[in-house]
Structure formats: C-alpha cells, structure tokens
Amino acid sequence: MMHSSRLTRRSVIKGGLGLALATTALTTLGLPMPAKAAGKKVIIGAFADGGLTPFKEKIIPLAKEQGFDIQFLEDEYGVTLEKWFADAQSGAGQYDLYLLDDPWVPQFGAANVLEDLGAGGIDGSDKDWIGPMIDMGYWPPQQGPRVKGFENAKPTLICVPFVGDLQTLTYRNDVFTGGAPKTWDEVIAKGKEGVAAGKIKYPVVFRGVSGNPIVTSWYPVFLSFGGSFFDDKWNPIFNSAEGKASADFFVGTMKQNAPSGVVEFDSDQEGAAILGGEAGAIIQYSGNALKADDPAQTKVAGKLDFGVVPKQEKAIAQMGIFIAGVPKSAPNKANSIEFLKWYVSAETQAKLSEAGSIPVKRSAFGVAKPGNRLIPVALQQLDAGALPRPRTPDWAKVEELLGIELNKALQAGSGGGAALDTAAKQVKDYLTTVGYY
Amino acid sequence: MQTGTQARKYRLQGAGLDLALPYLMLAPGLMVVLGVLVYPLWDGLRASTRAYRYGSPISNVGFQNYVQLWSDAQFLNSLWVTVKFVALSVSIEAVLGFALALFCLHEFRGIRLLRTVLIIPMVITPVVVAILFRLIYASDAGMLTALSEAMGGGGVQILGNPLNAFIGLVVLDVWEWTPLMFLILLAGLQSLPHEPFEAARVDGAGSWRVFADLTFPMMRPVLAVAIVLRTIDAFGTFDQVFVLTRGGPGEATRLISIYGYDTAFKFQQTGYAAALFVTIGLVVLALAFSAIRLLRRVDAS
C-alpha cells in the first residue's frame, strides 16, 4: 500500500489544530506562575536615581512589615515621562503609583489622569509638610500664574511629595578649607588653587547635555544671579540682563574651569568627577551625595562636604522632588492611597530621614540621627531659598528649546546671552501656537 | 450504498467547505493585518488632521499640521540632518559592502569564517551597539580618549562636537549595517552566470574591464534593491541616536525619528507628530518608487 504525501484539507486542519494546541501548551508552561499575593499589592513606577536608594533599601522592607506587597519598577529617566503618561492616558493600568519628577505634575494634572488624593484622605493642609513641596502637588497651582483653561479651577491635591530632593553644593573640604564657598567667584578662584596644588583637576563640573541636564545645571546659577523665568502672563523673561549674565558666566567661565568634554556630560559623568576626586565642586541632587562617605563608591571619602549653593545675588537652588501620583487607572488604587498615608506619616518620614533620604515633613529633619550629613544642609538650603521650575504643562518643550540653545553656546564657549534671546523667542512662538496668550 | 439525498448532501458540504476554506484560512491573518496595520494607519492619518492638547484631541484642523511643518525650523533642521545622514551612511555602506562582497567571492582558506565574522555587527541589538560606541566615544572615560592619553595626547572630543558627533553616528551606522549590504551583494554576485566572465577572461579582459563591463552592470539591479532597502531603513534610525546622543550636541544628530518621538510622546503634540510621520512616510515612499522606476529604466536600456 502506498502512502500519499499529498496535502489534504484534513491534514491541514489537523496540523493547524495540533500546532495551536502545542503553542498554547508551551505558552502556558512557559509563563511564570502568578505568585501568591504577599499583602496589599502596590506597583510603583520610578526612574532610576540614587536619591531613591534609602527608600528601596530601608523603607520597602518596613512597608512589607505593614502588610504592603511593593513591586518597584525602575526605568531610565529619559523614557519615564512618556511611558507613564501613555499608561495613564490610555487607562492601561500598569502602575498603582508613579514617582514623578515634579515638573511633570502640571502635564498629568492638565490631562486629568491622576486621582484626587485630598478626597482620598491625605491632608494637604498639614502644617508639617515642607510648604513649597506640598504646593507642587496641586493642580492648578495654588499660587503663581495659571495656564489658560485653568484660571478658575479649584486646586486639587493630585500628588504628594515623596523624597524632598533639592540642589545643594558638594565640595572638596581640602580645597575649600574655609568651608563651603559662598560665591561663584570663590568656587572658581579657590578651585584654581586646588588645581594648581594638584588636589583636583577641575574647579567645577556640571551637566552639559542639551535638554533637561544642561537646564538643571544652569538653573541655580540663573537663580543666584537674580533671574526670573516667566512673568505673570507667561511671557519668557529669562533673557533679562541677570539671565544673560548667568548664561555668559555658565558657558564661559564655568566651562573654562570644567573638563573639555563637559558639553556631553550628564549626571553619571558629573557624579564620577566628584566621587572620583577630579572635581572641586558640583551642584547636585542627593543621588551622588548619598555615596560621599562610602569608600567603596568614592576615592575621596572624608573629603566631601555639603553646603548651600553659591550666590551672586542670592543663594537659591532648584527644587526637584520625587512626587507621587496615583493614576485613575491604577488597579490597586485603595492600596496605593493607604500606602501613601502610611508613607507620609511623621513616623515613616522620620525613618526615611534616618535611612539617609531628604524627608518631606519638617519634623523628620529633626530626628536624632539623620542617616546622611546632607539632610541638615538640605534644610539650610530650603530656608535660604529653593524654587521649583515654572508650573506649566509645557515645561518639557520649554526645557528642550532652552537646553538646545544653551548647549550650542556651551560648545562655542560664549554667546550665552544671545542663546537666551533665541530660546526666549522660540519659547514665545511655541506658547503662542498652543494658545497661551 | 448511499441514497441520492445523502450523496447530494455530502457533495454540497464538500463543495461549500472547499469554497470557504481559503477564506477561513486567510481570516486570522487578515484580522491581524487589519488590527495592527490598517487600523493604526487609518488612526494615524486621522490624528494628523487634529489638534491635540494635553494628549487628547481638541479640534479638527484639516491639513494645518502638514502646512505648519514647512515653517517649523526644528523639523526642517532634523529633516536636513536625516537626509545628510542617510545619504552619507548608505553611500559608504554600498561602496564598502560591494568591495567586501567582491573580496569574499574568492574561495580561499578561512573564507567561510571571514564571511561569518563580517556579518556579526548586524546581528547585535542596535541599543547594545550604541552603548558600545558610547564607551568608545565618551570624552572622560572612552576608549579613544584612553588610547590618545596613552600616546601622550589629550581627551578626544566626539560627542561634544557637532561635526564629530555626526561623523561618529555615521561611523556607527556604517559599522553596523555594511554587513547587510555585503550579504545582499554577495548573494547577488554568487548568482551571476559564469559564462560571460569566462568569455571575457578568454578574450584577455583585465580585472577592471571585467568589473566595469560585466560585474557592475549585471549587479546594478541587486545594488539598487540593496540601496533602496537600506535607505528606507536608515530613515527610521532611532535606537542608536536615542542612546548615543539623544540628538545632540545642539541639534547636530537630531534625526527626524527623534524629533517625531519627542513631539509625540514628550511634548504630547500627537496630531502634529502624526502629520510629521505621514510626511516622512510619503517622502520615503516617493524615494522608493523613484528608485524602482530608475531601476526599470536602466534595465530597459
């Protein structure tokens, strides 16, 4: 009897069914078995940053003791805004809690995709909050100019401060022997002496990459020169005489006293420069500062101290806190709000402070043993002055336009003032297009 | 023995199933194509005629987004950077790929290993390639700087200088994608008939004459296909730039894909970004059609 190898309808259907069954079986076997819930599940989305290390290492275990099952998902800073915004807007429900960078709050607020935490029982009027930090959680903002369409809207608490990060100065105490340099001129002059003495290679190091990094580095210089960003009608005024002087100083004097490749430096290179012993001083958030006393992470343990940012006119830092919001699409919304209530309690904030992170409640700054020398300095900086970035949903675009022009001027090593003029025109044009005026 | 009614029933069932089966078999694939290709395309076209605010559509604006593109200095700059990048990268890849293919056509000891080694770059994930090149280019701790300092020089500035960063990006692309060009052209060369080449050798033609009069003309269709494929692909380059430079310094390496991504996802100008990508899609389509028409004309002549 001969076997026919002809393709028949029956064989095709049988083969197809077999393949489908095999695929289903393999897929099912290959999938991880869902773990039995270890408590009240909360999926937290965060961008990778050293400032969250104490939270991850010390507070998450405490949360587990409180019955929370925390899933902590980290991503690169550069992709989180778009990823979470898409998640919130599409209602995908991938996260229960976002740890946002504070300038993103207006964008999420304007799109109305975050829960009202005040209605959830979190008290925004608690006097223990650091005032400027809790203010950042409201949309529209309680103070300052509001964008069109939100002039008369009632401010709603859509986010709560999570880690109270702000810029401070990290400096080498063997170079600046008289304590933290008070002015930018002192940073440069004493830094040059440190270079001449062979203690350091560069008086100052900063971030020069276009977009958020360069604007973040320039902003405290800009504020210290007395600059303001927008007027009450959202007209850009950062190209004022003070602003231009700060930009010229930044792309000129500061670049001349920084590594030649500073144009391509981001926070990694900036951190490596101070922890590796090459830089005399940097302005930074808490991420690298938390490593300053660990010989495994720095070559100059014991030689790094912290201080208030230098001034020209004022000593004002940029505030850039981690701030938590619960998406309306969160699958475990009630758990998230319960977790936040526990997290922002004075007791947990004290634990956060002991773990080494900058807390968001004033009482927690007074713990007997703060986990990091930076914490009291952060409070000094708050009292000296720390400002958030303008509360507009279009900050990402504004920062991009300004960052590109500043980066071009930094490459050239001059023309900071002209760069601000160009950027101001571009910002004005853009805001006009999207209906600000 | 079957009754007449039963036989008619079986016949009808068989004929009906025969007619329906091809459509039934096609249906799942068709559903997938409709779901993941046709609908998103339609939705994208629809989005390109709308204005968005805070990520949601607020009004229909017709073709205003398309018109606005041509007065957007950032769009025009990124388009120009993309055109320069594609032209330079694909040209170099074509020349190098052709040279390598001609070289590897010869049989000698170790040729199989060499052919395998040559295609390794294109099988590495683009993001990994970009990270590797970042480790080479970084001015503070990159390999080039280390080499330069070991030889008594200073730091090498690639990513902080607009021209160098652009060239660095082209070098990365050439390193990664010349193998694709090489592979396509090698396959083309191996499929050429032997007789004309043997005849030319018998007639005493030298290597250059053989290349100019036989190899190149016969390879033109394959070369054109390879160039068109790479051009379309290069227009969509994203991962490497995103990791290596994010479009900087300034806007020196800001390809249209990066600008479109930022516009859509970072700045939430969804409609405008959709118009941008539709426009680029049309430009690439026009380029591909032109190349194919040119190819047909060459073939005809």
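In the predicted model, the buried residues of helix 9 of chain A are A:Ser267, A:Gln269, A:Glu270, A:Gly271, A:Ala273, A:Ile274 and A:Leu275. Because seven of the nine residues of this helix (residues 267–275) are buried, helix 9 of chain A is largely enclosed by the rest of the structure. The elements that cover these buried residues include strand 7 (168–172), strand 8 (202–204), helix 7, strand 9 (279–284), helix 10 (286–289) and strand 10 (304–307) of chain A. Helix 9 of chain A is followed by A:Gly277, a residue with a positive phi near 90 degrees.

Among the contacts in chain A between residues at least 6 apart in sequence, 75% join residues that are at least 24 apart.

Two packed helices are described by the angle between their axes and the distance between the axes. The axes of helix 7 (residues 212–224) and helix 8 (residues 241–256) of chain A come within 9 Å and cross at roughly 130 degrees, and this angle makes helix 7 of chain A oblique to helix 8 of chain A. The crossing of these two helices of chain A is right-handed. On the side of helix 7 of chain A the contact is made by A:Trp218, A:Val221 and A:Phe222, while helix 8 of chain A contributes A:Gly243, A:Ser246, A:Ala247, A:Phe249 and A:Phe250. Divided by class, this contact between helix 7 and helix 8 of chain A has six nonpolar residues, two polar residues and no charged ones.

The loop between helix 7 and helix 8 of chain A contains A:Trp234. Most residues other than glycine have a negative phi, and most peptide bonds are trans. A:Trp234, although it is not a glycine, has a positive phi of about 70 degrees. With 21 other C-beta atoms within 10 Å, A:Trp234 is buried. Elsewhere in chain A, a cis peptide bond joins A:Trp139 and A:Pro140, with omega at about -10 degrees, and A:Pro140 lies in the loop between strand 4 (138–139) and strand 5 (156–157) of chain A.

Chain A also contains an open sheet of five strands, with the order 2-1-3-12-6 and mixed pairing. Strand 2 (68–75) and strand 6 (159–163) of chain A are the edge strands, each of which pairs on one side only. On average, and with direction ignored, neighbouring strands of this sheet are turned by 30 degrees against each other. Strands of a sheet pair through backbone hydrogen bonds, either parallel or antiparallel. Strand 1 (residues 40–47) and strand 2 of chain A pair in the parallel sense over eight bridges, and A:Ile44 stands opposite A:Phe72 in strand 2 of chain A. Helix 2 (residues 53–65) of chain A lies across strand 2 and strand 6 of chain A, and runs at about 155 degrees to strand 2 of chain A.

In chain B, strand 1 (residues 50–53) and strand 2 run antiparallel and are joined by four bridges, with B:Ala51 having B:Ser59 of strand 2 of chain B as its bridge partner. These two strands of chain B form a hairpin with two residues between them, and B:Tyr54 in the turn has a positive phi of about 50 degrees. Of the five residues of strand 2 (residues 56–60) of chain B, the number buried is zero, so this strand lies largely in the open.

By contrast, B:Ala234, in helix 10 (residues 207–235) of chain B, counts as buried, with 20 C-beta neighbours inside 10 Å. When residues up to four places away in sequence are not counted, B:Ala234 touches B:Val86, B:Ser89, B:Val90 and B:Asp173. The C-alpha atoms of B:Ala234 and B:Asp173 are separated by 8.6 Å, although the two residues are 61 residues apart along the chain.

The contact between the chains takes 21 residues from chain B and 27 residues from chain A. Helix 12 (residues 256–266) of chain B provides the largest share of the side of chain B that touches chain A, namely three residues, and the residues of this side divide into seven nonpolar, nine polar and five charged.

Technical notes. Residues are numbered from 1 along each chain as its sequence is written. Chains are lettered from A and ligands numbered from 1 in the order in which they are written. This is a predicted model: local features need pLDDT of at least 70, side-chain atom pairs count only at pLDDT 80 or more; totals for chains, interfaces and linings use all residues. Axes are lines fitted to C-alpha atoms, for helices over the stretch in contact, and angles run from 0 to 180 degrees between N-to-C directions. Angles under 35 degrees count as roughly parallel, over 145 as roughly antiparallel, 65 to 115 as roughly perpendicular and the rest as oblique. A crossing is left-handed if the near helix is turned anticlockwise from the far one by less than a right angle, and right-handed if clockwise. Two residues are in contact if their C-beta atoms, placed from the backbone, lie within 7 Å. Ala, Val, Leu, Ile, Met, Phe, Trp, Tyr, Cys and Pro count as nonpolar, Asp, Glu, Lys and Arg as charged, and the others, Gly among them, as polar. Two strands pair if DSSP finds at least two bridges between them. A residue is buried if 20 or more other C-beta atoms lie within 10 Å of its own, exposed if 12 or fewer, and partly exposed in between; C-beta atoms are placed from the backbone.
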